[in-house]
Amino acid sequence: HQIGSPEKEAMMILYIGAVHKDKHEFALARQYMQQAVTIAQDNQVSEMIMMTLMNLADLEKDMGDYKDAFNHRLAYEKVKDSVEKAGTGKKLAGLQAEYDLYRKSNELLQAKSDAVKRQSELKAAEDKSSRLILMVIGAFIILLLIAAGYLFKVKSNRKLLAKNEIIEKQK
């Protein structure tokens, strides 16, 4: 005769136990509360385990059963500590994940920056190579012009020399 989820079932049985406690029917209240604790523990519902243990400890204290009240309060504290420790572990895992993401992001930014820098250096090297090639071509053209001018001068000098010889012979 389940009432939905184990958590809801434990809650309803705990409430029934609380009603019996209010009526000072402590033995019956204890049976229901112990049943609620068992359901919560069997289904590993930490929040419900804590709630049922705390209520059971309060009931036993009211009954004057301080030994069981102490033991159930101690069990409550252990569950509470483990829940808090698990929460802290999750927070630490979350912070670690955030840090890892931040570090990876910075690594990617650095890699991108390095790639842009290398690309800039390659472009500068290409520009330098292009200027050097243009300078070599320009120097070659100047040498050709000088050589052409020299050949033209040599040819002109030969013609002049030949004309001078003709003139000399005619005299």
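A contact, on this tour, means heavy atoms within 4.5 Å. The model is predicted: local features need pLDDT of at least 70, side-chain atom pairs count only at pLDDT 80 or more, and totals for chains, interfaces and linings use all residues. Residues are numbered from 1 along each chain as its sequence is written, and side-chain values use heavy atoms, with hydrogens and water left out.

**The whole chain**

Start with everything in view and colour by secondary structure. You will find 4 helices and 0 strands (DSSP runs numbered from the N terminus; helices are H or I with at least four residues, strands E with at least two). From the N terminus the order is α-α-α-α.

Now turn the model along its principal axes: the C-alpha atoms fill a box of roughly 160 × 30 × 20 Å. Of the 171 residues, 17% count as buried (under 20% relative accessible area; exposed is over 50%, partly exposed in between, with a 1.4 Å probe and protein chains only).

**First stop: H72**

Select H72, which sits in helix α4, residues 66-170. Is H72 buried or exposed? With a relative accessible area of 18%, H72 is buried. Show its neighbours next: leaving out residues up to four places away in sequence, H72 touches L53, L56, A57 and E60. With E60 there is also a side-chain to side-chain polar contact at 2.6 Å (a pair of N or O atoms within 3.5 Å; within protein, one must be able to donate a hydrogen and the other to accept it, and residues adjacent in sequence count only if both atoms are side-chain atoms).

**Second stop: T52**

Move to T52 in helix α3, residues 46-63. T52 has a relative accessible area of 0%, so it counts as buried. Which residues does T52 touch, not counting those up to four places away in sequence? They are L14, A36, V37 and A40.

**Last stops: two loops**

Select H24, in the loop between α1 (6-22) and α2 (26-42). Its phi is positive, about 65°, although H24 is not a glycine. Most residues other than glycine have a negative phi. H24 is exposed, with 60% relative accessible area.

Finish at Q44, in the loop between α2 and α3. Q44 has a positive phi too, near 50°, and counts as exposed at 67% relative accessibility.
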